[in-house]
Amino acid sequence: MKMLSEFRMPGMPDVEALASAQRRNLEALSAANRVALEGAQAVARRHMEILQSSMTEMTEAMKAFGSQESPQAKAARQAEMLKGAYEKAVANMKEVADLIQKSNQEALGLLNKRFTEAMDEVKTLVAKKG
């Protein structure tokens, strides 16, 4: 790298500055990938928690249906359980969607920040040449 930086031709960009900029680009990409992976892991963990909770609730509901109730009472309880299950499913879907959106925004924010910095670096390099 030192030999390349000492060898300058007219009109050639600063090799060290370009290498440094590329290194920062790769670091930003790596950080964005790390954030995206952590987000995906958080979504997977939460999804598993939701699934386990749902299975527990379903098991308890099945046990409750074994009781000696009138058909009307069972139907009313089933309707109430279905309504609750639907509302909970919608809330869980929103929560997971929010987790995904937050992760995506954070990763994209890192990339946008680096892009802005890179454009400033290009302006600086061009100004030095001018």
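The expected span of a helix is 1.5 Å times one less than its number of residues. Helices (H or I, at least four residues) and strands (E, at least two) are themselves DSSP runs, numbered from the N terminus. Keep both ideas handy for what follows.

A quick word on what you're looking at. This is a predicted model, where local features need pLDDT of at least 70, side-chain atom pairs count only at pLDDT 80 or more, and totals for chains, interfaces and linings use all residues. Residues are numbered from 1 along each chain as its sequence is written, and side-chain values use heavy atoms, with hydrogens and water left out.

Let's start with the overall plan. The protein chain has three helices and zero strands, so to speak an α-α-α pattern when you read along the sequence. Helix H2 covers residues 15-64, and helix H3 covers residues 71-129. H2 has 50 residues, and from its first C-alpha to its last it reaches 73 Å, close to the expected 74 Å. Now try H3: its 59 residues should span 87 Å at 1.5 Å a residue, and because its end C-alpha atoms are 86 Å apart, the two values agree.

How do the helices meet? Here we need the word contact, which means heavy atoms within 4.5 Å. Among contacts in the protein chain between residues at least 6 apart in sequence, 71% join residues at least 24 apart. We also need the word buried, which means under 20% relative accessible area, while exposed is over 50% and partly exposed is in between (1.4 Å probe, protein chains only). Of the 130 residues of the protein chain, 14% count as buried.

Which residues of H3 are buried? They are Asn92, Val96, Ser103, Ala107, Arg114 and Ala118, and the buried residues of H3 pack against H2. Over on H2, the buried residues include Ala21, Ala28, Val35, Gly39 and Ile50, and H3 is part of what covers the buried residues of that helix. Here's a handy bit of background: an α-helix has 3.6 residues a turn, so residues three or four places apart point the same way.

Two of those H3 residues deserve a stop. Asn92 lies in helix H3 and counts as buried because its relative accessible area is 11%. Leaving out residues up to four places away in sequence, Asn92 touches Arg46 and Ile50.

Next, the pockets. On a 1 Å grid over the protein atoms alone, a cavity is a set of points where a 1.4 Å probe fits but cannot get out, and a pocket is an open set with protein on both sides within 12 Å along at least five of seven lines; lining residues have an atom within 4 Å of a point. Grid points are joined across faces, edges and corners, and a volume is the space filled by probe spheres set on the points.

The largest pocket has a volume of about 330 Å³. Of its 15 lining residues, the closest to its centre are Glu57, Met58, Met81, Leu82 and Ala85. H3 gives the largest share of this lining, nine residues. Met58 lies in helix H2 and is partly exposed because its relative accessibility is 45%. Met58 and Met81 are 23 residues apart in sequence, yet 9.7 Å apart in space, C-alpha to C-alpha.

The second largest pocket holds about 190 Å³ of space. Twelve residues line it, and Ala17, Leu18, Glu121, Val122 and Leu125 are the closest to its centre. Leu125 lies in helix H3 and counts as partly exposed because its relative accessibility is 22%. Leu125 and Leu18 are 107 residues apart in sequence but 9.3 Å apart in space, C-alpha to C-alpha. Beyond residues up to four places away in sequence, Leu125 touches Asp14, Ala17 and Leu18.
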